[in-house]
Every structure is written in C-alpha cells, then in structure tokens.
Amino acid sequence: MKLTAQVQLLPDKAQHIALKETLERCNAACNTASEYAWQEQQFGAFNLHKALYFEVREQFALGAQATVRVFGKVADGY
C-alpha cells in the first residue's frame, strides 16, 4: 500500500532566503548546462552528467542530488 501526504512548507525568514538562493543557483546551473548541451549537441542527462558534474557542483555550490536534477531538467527540456 502506498500512502501520499500533501504538506505545506512554512519556512522562517532565514530558511526562505536559503531556499530562494538555492533555487536561483539551480536555475543558473541549468542555464550553464543548457548552453553546453546546445554547443556540444549533447542533450542526454547522462552525457551532461559525465561532462559537467564536478564543474557544476563546484561553481554553483550545489549538493549531489540538486546537481543531478539540474541535468535531468535540462535533458527534459530538450
């Protein structure tokens, strides 16, 4: 049996700022990955991951999961 719960985040001001900054860094990372994908004609998430993983993590200070989702988001866009 699978249960699903719908929850609402109620961050305080500091958490709100941190979440917003993380989202902005993720969006900037998506733009960078998209530019690379277009220039190199490599649109698959695996190819993007292989080519950009360490660079994106370092440049945008993202965790592993966020970095992988960036590549998935860009690949889905193409």
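Leaving out residues up to four places away in sequence, L62 touches T22, R25, C26, A29, V56, R57, T67 and V70. Contact here means heavy atoms within 4.5 Å. The model is a predicted one, in which local features need pLDDT of at least 70 and side-chain atom pairs count only at pLDDT 80 or more, while totals for chains, interfaces and linings use all residues. Residues are numbered from 1 along each chain as its sequence is written, and side-chain values use heavy atoms, with hydrogens and water left out.

Buried means under 20% relative accessible area, exposed means over 50%, and partly exposed lies in between (1.4 Å probe, protein chains only). Helices are DSSP runs (H or I, at least four residues), numbered from the N terminus. In soluble globular proteins, nonpolar side chains tend to be buried together.

One of the contacts of L62 is T67, which is found in helix α3, residues 64–77. T67 counts as buried because its relative accessibility is 0%. Apart from its neighbours within four places in sequence, T67 is in contact with Y53, V56, R57 and L62.

How do helices α1 and α2 pack, in angle and distance? Helix α1 (residues 13–40) and helix α2 (residues 45–60) pack at about 145°, with their axes 11 Å apart. Axes are lines fitted to C-alpha atoms, for helices over the stretch in contact, and angles run from 0 to 180 degrees between N-to-C directions. The contact is made by R25, A28, A29, T32, A33, Y36 and A37 of α1, together with L48, A51, L52, V56 and F60 of α2. These residues divide into 10 nonpolar, 1 polar and 1 charged. Ala, Val, Leu, Ile, Met, Phe, Trp, Tyr, Cys and Pro count as nonpolar, Asp, Glu, Lys and Arg as charged, and the others, Gly among them, as polar.

The loops come next. Q41 is found in the loop between α1 and α2, and A61 lies in the loop between α2 and α3. Q41 has a positive phi of about 55° although it is not a glycine, and A61 likewise has a positive phi of about 55° without being a glycine. Q41 counts as partly exposed, at 48% relative accessibility; A61 is exposed, at 53%.

The whole structure has 4 aromatic pairs. Rings of Phe, Tyr and Trp (its six-membered ring) pair if their centres lie within 6.5 Å; planes under 30 degrees apart count as stacked, over 60 as edge-to-face and the rest as tilted. The rings of W38 and F43 have centres 6.1 Å apart and planes at 55°, so this pair is tilted. W38, F43 and Y78 form one aromatic cluster.

Not counting residues up to four places away in sequence, A75 touches F43, G44, A45 and L48. A75 counts as buried, at 17% relative accessibility.

Methods:
Helices (H or I, at least four residues) and strands (E, at least two) are DSSP runs, numbered from the N terminus.
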